[in-house]
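Please look over the sequence and the model shown here before reading on.

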Amino acid sequence: MPKTRSSDPQTVGLTSLLDLLGSLLIIAAIALAVAMFSIPGALASAGALLLVMSWLIDRRKRT
């Protein structure tokens with residue numbers, strides 16, 4: 001049985017890609033809702049939500 005090295009890329013499953021797509025669509029929807037009031041606010045909220053999503057993904061990988 002071949003061993004995988006830590007430098008080998010990990011495969012990403014279909015459900016992971018669908019989860020990512022769903023998260024990005026939710027962020028886009030929130031940004032569009034905020035854009036009705038303020039374009040800079042929409043960009044700031046989208047950026048903040050992307051950072052939160054990235055932090056959650058990294059946190060889940062560590063545990």
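Predicted model: local features only at pLDDT ≥ 70, side-chain atom pairs only at ≥ 80, totals over all residues.

Residues are numbered from 1 along each chain as its sequence is written, and side-chain values use heavy atoms, with hydrogens and water left out.

The protein chain holds two helices and zero strands, where helices (H or I, at least four residues) and strands (E, at least two) are DSSP runs numbered from the N terminus. Of the 63 residues in the protein chain, 10% are buried, a word that stands for under 20% relative accessible area, with exposed meaning over 50% and partly exposed the range in between (1.4 Å probe, protein chains only).

Helix α1 covers residues 14–35, and helix α2 covers residues 39–62. The two pack at an angle of about 155°, with their axes 8 Å apart; axes here are lines fitted to C-alpha atoms, for helices over the stretch in contact, and angles run from 0 to 180 degrees between N-to-C directions. α1 and α2 are therefore roughly antiparallel to each other, a label given to angles over 145 degrees.

Several residues of these helices can be described by how far they are covered. In helix α1, alanine 31 is buried, with a relative accessible area of 13%.

| Pair | Separation in sequence | C-alpha to C-alpha distance |
|---|---|---|
| Alanine 46 and isoleucine 30 | 16 residues | 7.5 Å |
| Glycine 47 and isoleucine 27 | 20 residues | 9.0 Å |
| Alanine 31 and glycine 41 | 10 residues | 8.1 Å |

Leucine 14, found in helix α1, counts as exposed because its relative accessibility is 62%. Together with Leu18, Leu21 and Leu25, Leu14 makes a nonpolar surface patch of about 420 Å². Patches are made of residues with over 30% relative accessible area and no salt bridge, and nonpolar side chains (Val, Leu, Ile, Met, Phe, Trp, Tyr) are joined within 5 Å, like charges within 9 Å. A salt bridge is a side-chain nitrogen of Lys or Arg within 4 Å of a carboxyl oxygen of Asp or Glu.

How values were computed:
Areas by Shrake-Rupley, 256 points an atom, 1.4 Å probe, with all protein chains shown as cover. Parallel < 35°, antiparallel > 145°, perpendicular 65-115°, else oblique.
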